[in-house]
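Here are my notes for a first reading. Please keep the coordinates open as you go through them.

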Amino acid sequence: MTVQTVAVLGATGSIGASALDVIARHPQTLRAGVLAAGSNVEALLALCLRHRPEHAVIADEGGFPALREGLRAAGLPTRAHAGAAALTALAAGPECQTVVAAIVGAAGLDSTLAAAGAGKRLLLANKESLVLAGELLMATADANGARIVPIDSEHNAIFQCLPAPRPADRDGAPADRARCLPAAREDVRRIVLTASGGPFRGWTRERLAGVTPAQAVAHPKWSMGPKISVDSATLMNKGLEVIEAHHLFGLPGARIDVLVHPQSLVHSLVEFVDGSTLAQLGLPDMRTALAIGFAWPRRIESGVGGLDLLAHGRLDFEPPDLAAFPCLRLAYAALEAGGTAPAVLNAANEIAVSAFLQGRIGFLSIPALVEDALAALPPARADSLDVLREADLRARRHASAALSRHAPH
Ligand code: NAD
Ligand code: MG
């Protein structure tokens with residue numbers, strides 16, 4: 001039995017923890033060879049002690065001495081690395097066959113692209129890289145035979161519901177590079193992404209004006225990092241996911257719908273032209289999606305229990321409230337506008353969410369700042385990575401400068 005060596009990028013985060021949990025359940029077939037984190041050396045060292053990787057990377061270069069000394073003091077043979085370039089090189093190098101892309105934000109783009117360019121099995125959680133550079137990332141993966149498995153629960157659900165790709169779905173690709181990702185073909189009428197609605201489902205704008213960071217990160221169904229938790233509370237997360245679904249499955253925004261489903265048991269649905277709808281259901285636990293990512297087309301134990309529908313009793317659905325949660329509308333508009341607009345949406349949102357988490361702006365300033373950046377920076381053609389990076393940078397500058405016009409509440 002061969003062992004699949006895995007690089008977990010964003011190992012100290014929520015997805016990283018779930019990935020390492022699944023890996024540890026399969027010592028005969030899965031091994032964490034590379035662990036990478038942003039700046040928390042202590043947390044990375046604790047993971048190294050437990051999972052004994054060959055390589056550990058801290059993106060923040062200032063953390064290098066502490067990482068190296070900590071590994072030495074613990075008597076571990078793990079090699080210490082630091083900096084974004086080392087992280088990207090390890091994602092692309094022979095040190096791993098599989099990459100779990102679980103860094104939060106646009107900071108994950110370079111390593112995700114590097115893994116795609118090196119033809120890895122790519123468990124893609126870092127949705128921001130798809131929003132920022134989706135066409136480029138998908139083209140790079142296709143050209144190099146990378147096998148992308150979406151880890152976002154909704155996209156993982158659609159991945160499971162769509163029929164397996166035919167060899168002809170990859171024009172001219174050698175058979176051994178068969179595409180893993182199914183394309184939504186003409187027989188798919190639409191896909192429906194479900195949304196929990198977040199902690200403020202049913203709230204009015206007036207009530208939303210006063211919410212605190214602590215309230216916003218307390219998600220009712222999922223345990224996640226702070227940025228995606230705030231995105232879930234504003235519904236920007238669903239907006240980013242609409243753009244993500246467009247790139248992954250090749251559908252226009254008009255054929256991607258969103259349905260609020262507070263129980264978070266139906267993870268998404270695919271409607272076919274014959275009237276059939278297929279859905280994937282399960283408990284809200286990311287280990288299911290990660291197990292799919294590691295083993296597909298096989299299925300392996302993930303540690304997640306089965307779904308007892310009798311115990312849950314009901315499944316409710318309602319439309320999203322775009323008046324109270326304009327971020328979803330803004331994301332559809334950015335997808336429709338195309339070019340650099342999704343990059344601007346994502347960058348302005350990252351600045352706004354970070355400022356909100358620091359208590360510098362109120363909750364309703366998040367959509368206001370994103371809308372302002374989209375209006376101020378009209379979309380340009382996005383035909384290169386440089387153009388996208390430039391748009392990302394300009395949107396960050398624009399949103400940062402606009403922060404002072406917003407008060408905490
Ligand atoms: P998190 O905040 O819990 O973890 C983020 C990880 O990224 C940490 O390990 C951190 O050290 C690392 N990191 C941050 N900045 C970095 C940098 N500049 N360089 C290298 N590493 C850096 O976030 P999370 O909830 O695990 O989410 C990770 C990604 O997965 C996000 O893109 C999120 O949208 C996506 N996602 C998460 C969930 C979930 O359930 N948590 C579900 C779907 C998608
Ligand atoms: Mg999701």
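1. Start with helix α7. Its buried residues pack against β7, β8 (188–195), α11 (236–249), β10 (266–272), β11 (277–281) and α12. Contact here means heavy atoms within 4.5 Å. Helices (H or I, at least four residues) and strands (E, at least two) are DSSP runs, numbered from the N terminus.

2. A word on the basis. This is a predicted model, in which local features need pLDDT of at least 70 and side-chain atom pairs count only at pLDDT 80 or more, while totals for chains, interfaces and linings use all residues. Residues are numbered from 1 along each chain as its sequence is written, chains are lettered from A and ligands numbered from 1 in the order in which they are written, and side-chain values use heavy atoms, with hydrogens and water left out.

3. How many residues of α7 are buried? Nine of the nine are, so the helix is largely enclosed by the rest of the structure. Buried means under 20% relative accessible area (1.4 Å probe, protein chains only). Among them are S153, H155, N156, F159 and C161.

4. Now the sheet. Seven strands form an open sheet in the order β4-β3-β2-β1-β5-β6-β7, and the pairing is parallel. Two strands pair if DSSP finds at least two bridges between them. β4 (79–82) and β7 (147–150) stand at the edges with a single partner strand each, so one side of each has no neighbour in the sheet. The twist averages 20° from one strand to the next.

5. Four bridges join β6 (residues 121–124) to β7. L123 has V149 of β7 as its bridge partner.

6. Helix α12 lies across β1 (4–9), β2 (30–37), β5 (98–101), β6 and β7. α12 runs at about 170° to β6. Such angles run from 0 to 180 degrees between N-to-C directions, with axes fitted to C-alpha atoms, for helices over the stretch in contact.

7. What lies inside? The whole structure holds three cavities of 30 Å³ or more. A cavity is a set of points on a 1 Å grid over the protein atoms alone where a 1.4 Å probe fits but cannot get out; lining residues have an atom within 4 Å of a point. The largest cavity has a volume of about 70 Å³, the space filled by probe spheres set on the points, which are joined across faces, edges and corners. Its lining includes S153, N156, W222, H267 and D285. α7 (153–161) and α12 (287–295) each give two or more residues to that lining.

Technical notes:
On a 1 Å grid over the protein atoms alone, a cavity is a set of points where a 1.4 Å probe fits but cannot get out, and a pocket is an open set with protein on both sides within 12 Å along at least five of seven lines; lining residues have an atom within 4 Å of a point. Buried means under 20% relative accessible area, exposed over 50%, partly exposed in between (1.4 Å probe, protein chains only).
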